[in-house]
Amino acid sequence: MWVRTRAVVAGCVVLVLIAMIGVVLGMRRVGEQVRLPLVGRTCTVQADGTVTLNAHQMANAATIAAIGIQHEMPDRAVVVALATAYQESGLRNLAGGDRDSVGLFQQRPSQGWGSPEEIRDPRYAADKFYAALKKVRGWQKMRVTDAAQKVQRSAFPEAYEKWADESEVLARALLGHATGAVVCTFGGDPAMRGEAAATALNHGLKLDWGLAPSATTASLTGLTVAAANQREGWRYAHWLVAHANDHGVKRVRFGDLEWTNRGRSWTRVGDGSDQPAEVIAEVFADA
């Protein structure tokens with residue numbers, strides 16, 4: 001009787017496994033046929049290496065890079081800042097942490113970094129980090145982890161180095177050294193639409209880049225940003241894609257390349273003869 005019961009149970013397990021495999025294969029086949037949209041909000045950065053982040057991490061990384069550029073910091077400073085935020089918060093704007101630590105860089109109000117509300121502002125936090133890094137003599141020649149440690153004074157001074165490679169990849173893309181390097185795919189409804197989205201996007205460009213005179217609203221559903229050269233254009237284009245999720249961006253175009261929020265790459269939309277002079281962003285229209 002015991003042997004028979006074990007045999008029945010084993011047979012049921014096999015049948016369940018076969019059924020599950022069939023369901024998975026069927027779903028895969030259906031997905032391939034109808035190309036179901038992705039429901040995740042994932043960003044991939046490819047610039048002599050690959051980094052994958054979620055939408056919020058990507059937006060924070062783009063803001064950290066933009067603030068560094070706005071303050072005319074060297075590329076190396078952006079790498080150090082990104083590695084620091086990677087280690088301290090995982091590029092997330094945390095409400096708390098060890099003791100009274102707050103935000104992307106886990107800065108502490110009790111150590112003079114500012115109020116908790118100020119530190120929770122990614123732009124303020126990045127600005128304070130760069131200001132502190134500037135005061136470190138010889139930081140440009142230090143390892144990433146040593147430069148970061150001079151600012152952070154962490155109990156784990158070697159921890160920042162493990163993020164150096166990922167930060168190099170992000171910096172190459174966000175500083176405009178790579179073409180079509182930031183790709184984000186978003187599913188579901190946009191965070192905002194229409195005039196509200198275009199206004200918020202323009203405001204974000206002003207805060208991160210100081211671009212109020214350059215960023216002009218083309219219509220209630222988009223804006224254009226003047227680009228002096230190829231590198232500058234890709235800085236803005238990658239920033240717009242990185243902030244697409246929280247600003248309702250549907251499409252970004254620079255030159256003859258275009259990104260859309262459901263795409264998995266930048267695609268060519270011209271014949272290659274376009275001379276890029278501006279970056280074009282389109283937000284979702286009002287429903």
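This is a predicted model: local features need pLDDT of at least 70, side-chain atom pairs count only at pLDDT 80 or more; totals for chains, interfaces and linings use all residues.
**Whole chain**

Start with the whole protein chain in cartoon view. The chain has 10 helices and nine strands. It holds 287 residues, and 44% of them count as buried. Now show the surface: the chain exposes about 14900 Å², and 54% of that area is supplied by carbon and sulfur atoms. Contacts between residues at least 6 apart in sequence can also be sorted by separation. Of these, 64% join residues at least 24 apart.

**Confidence**

Colour the chain by pLDDT next. The average is 86, and 82% of the residues score at least 70. Then select residues 1-39, where pLDDT stays under 50. For this stretch the model has eight contacts beyond four places in sequence.

**The disulfide**

Select Cys43 and Cys184 and show their side chains. The whole structure contains one disulfide, and these two cysteines form it, with their sulfur atoms 2.1 Å apart. The link of Cys43 and Cys184 is right-handed, with 110° about the S-S bond. It ties distant parts of the chain together: Cys43 belongs to strand β1 (residues 41-46) and Cys184 to strand β3 (residues 182-186), 141 residues apart. Cys43 and Cys184 are both buried.

**Between α2 and α3**

Go to Glu72, in the loop between α2 (55-70) and α3 (75-89). Its phi is near 55°, a positive value in a residue that is not glycine. Is Glu72 buried or exposed? Glu72 is exposed, because its relative accessible area is 72% and exposed means over 50%.

Move on to Arg99, in the loop between α3 and α4 (116-119). Arg99 is not a glycine, yet it has a positive phi of about 55°. With a relative accessible area of 64%, Arg99 is exposed.

**From α9 to α3**

A search of the whole structure finds 11 salt bridges. For another of them, select Arg231 and Asp75, whose side chains meet at 3.3 Å, N to O. This pair links distant parts of the chain, as Arg231 is in helix α9 (residues 230-242) and Asp75 in helix α3, 156 residues apart. Arg231 counts as partly exposed at 29% relative accessibility. Asp75 is partly exposed too, with a relative accessible area of 33%.

**Asp256 and Arg268**

Select Asp256 and Arg268 next. They form a salt bridge in which the closest N and O atoms are 2.6 Å apart. Asp256 sits in the loop between β6 (249-254) and β7 (257-260), while Arg268 is in strand β8 (residues 267-268), 12 residues apart. How do the two partners stand in terms of burial? Asp256 counts as buried because its relative accessibility is 10%, under the 20% limit. Arg268, at 56% relative accessibility, counts as exposed.

**Last stop**

Finish by selecting Arg143, Asp146 and Glu158. Salt bridges that share partners join these residues into one network.

Definitions and conventions: Residues are numbered from 1 along each chain as its sequence is written. Side-chain values use heavy atoms; hydrogens and water are left out. Helices (H or I, at least four residues) and strands (E, at least two) are DSSP runs, numbered from the N terminus. Buried means under 20% relative accessible area, exposed over 50%, partly exposed in between (1.4 Å probe, protein chains only). Contact means heavy atoms within 4.5 Å. Accessible areas come from the Shrake-Rupley method with a 1.4 Å probe; for residues, only the protein chains shown count as cover. pLDDT is the predictor's confidence in each residue, from 0 to 100. A disulfide is a pair of cysteine sulfur atoms within 2.5 Å. A salt bridge is a side-chain nitrogen of Lys or Arg within 4 Å of a carboxyl oxygen of Asp or Glu.
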